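Here is a short briefing on one protein chain. Read it alongside the sequence and the coordinates.

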Amino acid sequence: MRATVNDFSDIISGRLVENEPLSLHTTYKIGGKCDLMIEPVDDSEVVAAIKRCNERNFDFYVMGNGSNLLIRDGGYRGVIIKMCSNPRYTVNGNTITCSASALLSTIVRASIEHSLSGLEFAAGIPGTLGGAVTMNAGAYGSDISRVVRTVTVADRLGNVSTVSCEDMHFGYRKSLIREEGLVVLSAELVLTPDNSSDIRERISINLEKRRRMQPLTLPSCGSVFKRPEGYYIGKLIEDAGLKGTRVGGAEVSTLHANFIVNVDSATAGDVLELIEHIKKRVFEYSGVKIETEVIVVGED
């Protein structure tokens, strides 16, 4: 049974739309349609949506800004719960409490305004707090686990609890959220007081590195592959002669080889075929098995 607006209109005040093209909701600009997209306005509506999905046996997937997500061309047969409405944060001393829907860029700006250091690495990352916690997003020698104190989550049945950083099982691009399929509702971040001009300078340096080294003008999901221990993944792909390799409208970036960019109306099938080609060529050239970082959702 397909989910419809009528199944949720009594519990959701936010946006509800059937047959929504998911290409409109990912930084890749790729993806088929979902049966129903829900944009809850607060945590209570997120929990209510999860419980309703369980009651009526609808599959569901929770997404943020779609910046590390590849939706297959057949779309998603079920409910997409998009955490984007009513992003919120509060600052109390050196602690910022943020909703999962808050963009990292917004939280970084708040840290500058309140002279708080610890989020400089996140400048330029296009995701939400929920996605950052789920993936333990990081760059330039730091990651979100360094500043998290607690995370409030919902499980797949809609039960809400608060988890300490120590119990979050943070690792390289992994967390308890991914292990158990939990949904981030909010998180408490503890930062360090610092001079705002020094914070701005470090952020400026990081943003300049991104502009110089990453293909920011083309649709992508950011880094496609995880960094193998002891190697630089971009160099592995480049040394295998893969820069500029193309399948359909998807291309290995000539600027940074760990980016696959959408240069000409690429499909998810194009990207996935190119991913498998890269894996095979890198292993043949270096003997190193590489794993994807991008999350793939949906059906062909």
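The protein chain has seven helices and 18 strands. Its radius of gyration is 19 Å, close to the 19 Å that the globule rule gives for 300 residues, so the chain is as compact as a globular protein of that length. This is a predicted model.

**Overall fold**
- Along the principal axes, the C-alpha atoms of the protein chain fill a box of roughly 55 × 55 × 30 Å.
- Of the 300 residues in the protein chain, 52% are buried.
- Take the contacts with a separation of 6 or more: 65% of them join residues 24 or more positions apart.

**Surface and charge**
- The protein chain exposes about 13600 Å². Carbon and sulfur atoms supply 46% of that area.
- Side chains in the protein chain include 33 positive and 38 negative ones. The centres of these two sets lie 4 Å apart.

**Cysteines**
- How many disulfides does the structure hold? The count is zero.
- Cys84 is in no disulfide, and the nearest cysteine sulfur, that of Cys34, is 12 Å away. A disulfide needs the two sulfur atoms within 2.5 Å.
- Cys84 is partly exposed, at a relative accessible area of 29%.
- Cys98 is buried, with a relative accessible area of 1%. The cut-off for buried is under 20%.

Definitions and conventions. Residues are numbered from 1 along each chain as its sequence is written. This is a predicted model: local features need pLDDT of at least 70, side-chain atom pairs count only at pLDDT 80 or more; totals for chains, interfaces and linings use all residues. Side-chain values use heavy atoms; hydrogens and water are left out. Buried means under 20% relative accessible area, exposed over 50%, partly exposed in between (1.4 Å probe, protein chains only). Helices (H or I, at least four residues) and strands (E, at least two) are DSSP runs, numbered from the N terminus. The radius of gyration is taken over C-alpha atoms; the globule rule is 2.2 Å times the number of residues to the power 0.38. Contact means heavy atoms within 4.5 Å. Accessible areas come from the Shrake-Rupley method with a 1.4 Å probe; for residues, only the protein chains shown count as cover. Lys and Arg count as positive and Asp and Glu as negative; His and the chain ends are not counted. The place of a charge is taken as NZ of Lys, CZ of Arg, CG of Asp or CD of Glu.
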